[in-house]
Amino acid sequence: MERKSIMKRIFEINPWKVVTHKFNKEDKRLQESMTAIGNDYMGMRGNFEEGYSADSLQGTYLAGVWFPDKTRVGWWKNGYPKYFGKSLNAPNFIGLGITVNGEKVDLAKVKFSDFELSLDMHQGLLSRSFVYEGKDVKVKFEFRRFLHIVQKEAALIEVKATVLEGHAKIDFDSTLDGTVVNEDSNYEEHFWDALGEDAKEKTIQVKTKPNPYEVPQFAVLLKESLRHDGQVIDREVSTKEAQLSEKLSMELDQGQSYELEKDVIVVTSRDVDEKDQLAVANELMNKLQAKSFDENLADHEAVWAKRWETSDVEISGDEAAQQGIRFNILQLFMTYYGEDKRLNVGPKGFTGEKYGGATYWDTEAYIVPMYLAVTKPEVTRALLQYRHDQLPGAYHNAKQQGLPGALFPMVTFNGIECHNEWEITFEEIHRNADIPFAISMYTKYTGDDSYVKNEGMDVLVGTARFWAARVHFSKWRNKYVMHGVTGPNEYENNVNNNWFTSTMARWLLKYTLERLPLATKEAQERVKVTDEEKAKWQDIADNIYLGEDKDLGIFLQQDDFLDKDIRPVSEIEDQRPINQHWSWDKILRSPFIKQADVLQGIYFLNDQYTMEQKEKNFDFYEPLTVHESSLSPCIHSILAAELGKQDKAVELYERTARLDLDNYNNDTVDGLHITSMSGSWLAIVQGFAGMRYNNDELSFKPFLPKKWSHYSFKINYRGRLLLVEMSDKAKITLISGEPLDIKLYDKQVHLEEGESANA
Ligand code: BGC
């Protein structure tokens with residue numbers, strides 16, 4: 001049966017906008033996810049300012065502000081983390097309630113027309129308008145809001161009311177609300193305590209509840225100020241615990257309009273001590289209000305224009321594909337642009353609670369390879385440093401499992417594992433090689449080996465010690481084996497000899513041994529690797545068991561994989577996504593693969609496998625893959641492109657680029673799949689354009705998808721800016737920087753600044 005792969009497309013196709021003219025209550029959460037905005041300091045779902053009484057997920061999130069929610073499990077197992085780290089649903093500051101002639105404007109209840117909701121991707125400006133139709137009155141409401149990219153603590157919200165018919169008494173109620181809860185709280189606990197409200201200063205201050213886990217409490221102060229025509233207006237303010245409301249009323253006749261601006265400052269104890277927060281917020285508010293809404297927007301836009309200048313991917317001939325990639329780049333940059341080195345990239349960024357803003361292996365595997373080319377090298381280096389800073393947590397995690405060395409967590413805010421499903425916490429350990437793998441990506445791409453020689457060595461040796469203890473020697477096989485693991489394919493647990501995990505562990509040991517003699521003296525002295533250890537690591541690397549089926553020409557995902565009832569996904573199209581149709585037991589026993597597993601390894605270590613090996617494995621595993629992790633389609637798209645399977649590469653590109661816009665996996669209601677958004681960039685750059693960077697050589701093998709007439713993108717490479725264009729021909733231009741030799745298809749070309757190579 002043919003699968004209707006697009007679950008739902010509720011926004012129109014437009015190259016620079018995510019826009020809709022429809023509003024359906026049943027799509028509200030989906031719409032909120034897709035119109036989320038952020039400024040890599042804070043962010044929120046596309047909730048309505050005036051409130052909404054039907055089903056909705058109110059969500060505002062502050063980067064790095066989280067809470068350790070006491071673990072809830074049916075049966076405690078030794079080694080479980082004590083808490084699950086949650087990105088907190090933070091105080092809601094966009095509230096701007098509206099009443100017209102006594103009726104509360106609530107789109108779940110009132111009559112309205114001419115609805116438009118639009119996210120402008122140039123700068124993440126969210127606009128919305130509708131005409132409220134009451135008894136003998138029609139009022140048009142137009143909203144704009146953005147989170148300032150220059151002054152990160154600032155949110156600007158504007159509403160304009162225009163009376164189209166009749167006479168309107170309009171009451172606005174501007175609110176700050178700290179009484180928010182997380183939907184995913186383990187014990188329905190509220191995570192915030194009120195510290196106080198100040199009607200004169202128009203602030204509320206809240207603090208996360210004390211916790212017994214030595215996780216710092218976060219204090220947050222929010223301040224609002226209303227403006228009309230650029231002038232601050234003071235109105236009656238009332239407060240309740242952790243809440244503030246500022247009311248404003250007016251009478252408007254037909255044809256008249258009124259514009260109200262709500263400015264908000266949010267400061268957190270990550271940057272400002274609790275006791276200084278009011279003074280700092282006042283200062284920031286003054287600074288913000290020295291400029292009008294439009295002047296602030298212009299400053300904000302100028303920074304976004306710069307970001308786009310070096311990172312936009314242009315596609316001609318396929319507007320849906322164009323919209324998809326821009327949406328993804330926008331959402332990624334709204335989540336993280338590397339400006340605060342203490343932060344990382346959460347799988348859902350600021351768009352939902354599930355997975356929230358915690359750090360996963362997603363960062364190293366998916367974000368690093370893109371950010372290396374679209375942001376400054378310092379950004380990737382900061383991501384590497386983030387893990388180095390968290391090494392004490394990684395040592396703690398290994399100890400929890402009774403093992404030496406360092407085990408990086410699957411889910412974390414501070415280095416300590418905070419996920420509590422045993423099959424993931426204890427077993428999905430491939431992360432402990434994937435995370436260090438980013439060190440090699442950084443070193444290879446930038447040519448800068450100063451990290452791997454120094455801090456990187458602490459990470460490599462710590463993880464090598466873990467791996468050396470996690471394998472054991474099987475006398476029967478005469479090989480080292482690795483039992484009880486979960487590969488990236490979480491649709492199998494507790495398997496033995498997962499090829500990907502063992503291959504990556506071997507890579508880690510080999511890379512550590514290769515890099516150790518080149519490390520700085522200080523690093524060598526710090527890590528103190530003995531000869532005995534080195535010999536052991538070498539022995540494991542040489543003798544680890546990696547399953548293979550020679551007849552099929554494939555690597556075995558795990559020991560028992562071929563015992564499964566192997567049949568293609570095409571036979572179960574009507575039952576997908578299987579995670580929403582099948583019992584967990586049925587999924588675990590099935591041959592269906594959640595996401596790239598063996599193929600993830602072939603993608604990572606791409607230069608180590610022959611085309612024949614790549615093809616045989618791809619042809620075997622891809623038809624079994626349901627891509628129910630958003631991280632999956634891009635890896636397959638890249639490999640398909642390399643193998644000349646262009647239609648497949650494009651099909652999987654579309655899936656990765658429009659995963660959220662088309663709600664492919666029927667789960668975008670929970671929030672956007674931020675960390676997999678880089679996948680669409682990777683599919684174009686590493687897939688369609690075939691970019692590789694092995695042995696200090698940058699190379700490209702571009703092809704043009706049939707539907708497209710052109711695409712182009714820019715990358716920075718070792719201090720240079722390059723433009724890659726593909727239409728009926730490939731063209732690579734060295735826009736700026738020192739001369740460079742590259743490989744285009746199989747030809748070496750030398751480029752001077754301003755020169756292009758064509759093929
Ligand atoms: C995937 C993991 C991923 C996590 C967060 C899961 O569904 O299987 O690989 O790390 O989502 O994105």
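Asp114 lies in strand 9, residues 112-120. This is a predicted model, and in it phi of Asp114 is near 50°, a positive value in a residue other than glycine. As background, most residues other than glycine have a negative phi, and most peptide bonds are trans. Asp114 counts as exposed because its relative accessible area is 61%, and the cut-off for exposed is over 50%.

There is another positive phi to show. Asn494 is not a glycine either, and its phi is about 55°. Asn494 sits in the loop between strand 23 (479-481) and helix 12 (499-515). With a relative accessibility of 42%, Asn494 counts as partly exposed.

While on backbone geometry: the peptide bond from Arg576 to Pro577 is cis, with omega near -5°. Pro577 is in the loop between strand 25 (554-555) and helix 15 (584-589).

Next, the helix pair. Two packed helices are described by the angle between their axes and the distance between the axes. For helix 5 (residues 362-374) and helix 20 (residues 678-688), the axes come within 9 Å and cross at roughly 65°. The crossing of helix 5 and helix 20 is left-handed. Which residues make the contact? From helix 5 they are Tyr366, Ile367, Pro369, Met370, Ala373 and Val374, and from helix 20 Ser678, Trp681, Leu682 and Gln686. Sorted by class, this contact has 8 nonpolar residues, 2 polar ones and no charged ones.

Trp681 comes up again in the core. In soluble globular proteins, nonpolar side chains tend to be buried together. Here the largest nonpolar core has 223 residues, and those with the most contacts inside it are Phe93, Phe141, Ile170 and Trp681. Take Ile170: beyond four places in sequence, Ile170 touches Ile98, Thr99, Val100, Val139, Phe141, Ala161, Leu248, Ser249, Met250 and Leu252.

Now two buried residues, starting with Leu661. Leu661 is in the loop between helix 19 (646-657) and helix 20. Leu661 counts as buried because its relative accessibility is 2%, where the cut-off is under 20%. Neighbours within four places in sequence aside, Leu661 is in contact with Lys8, Arg9, Ile10, Val18, Met34, Gln323, Gly324 and Phe327. Along the chain, Leu661 and Leu672 are 11 residues apart, and their C-alpha atoms are separated by 9.1 Å.

The other is Gln31, in helix 1 (residues 28-34). Is Gln31 buried or exposed? Gln31 is buried, with a relative accessible area of 3%. Leaving out neighbours within four places in sequence, Gln31 is in contact with Ile10, Phe11, Thr20, Lys22, Phe23, Phe48, Phe115 and Leu117.

Last, Glu697, in strand 27 (residues 697-700). Glu697 counts as partly exposed, at 22% relative accessibility. What does Glu697 touch beyond four places in sequence? The residues are Arg692, Tyr717, Lys743 and Gln748. With Gln748 there is a polar contact, side chain to side chain, at 3.2 Å. As for Lys743, 46 residues from Glu697 in sequence, the C-alpha to C-alpha distance is 7.4 Å.

Terms used
Residues are numbered from 1 along each chain as its sequence is written. This is a predicted model: local features need pLDDT of at least 70, side-chain atom pairs count only at pLDDT 80 or more; totals for chains, interfaces and linings use all residues. Side-chain values use heavy atoms; hydrogens and water are left out. Axes are lines fitted to C-alpha atoms, for helices over the stretch in contact, and angles run from 0 to 180 degrees between N-to-C directions. Helices (H or I, at least four residues) and strands (E, at least two) are DSSP runs, numbered from the N terminus. A crossing is left-handed if the near helix is turned anticlockwise from the far one by less than a right angle, and right-handed if clockwise. Contact means heavy atoms within 4.5 Å. Ala, Val, Leu, Ile, Met, Phe, Trp, Tyr, Cys and Pro count as nonpolar, Asp, Glu, Lys and Arg as charged, and the others, Gly among them, as polar. Buried means under 20% relative accessible area, exposed over 50%, partly exposed in between (1.4 Å probe, protein chains only). A polar contact is a pair of N or O atoms within 3.5 Å; within protein, one must be able to donate a hydrogen and the other to accept it, and residues adjacent in sequence count only if both atoms are side-chain atoms. A nonpolar core is a set of buried Ala, Val, Leu, Ile, Met, Phe, Trp, Tyr and Cys residues joined through side-chain atoms within 4.5 Å.
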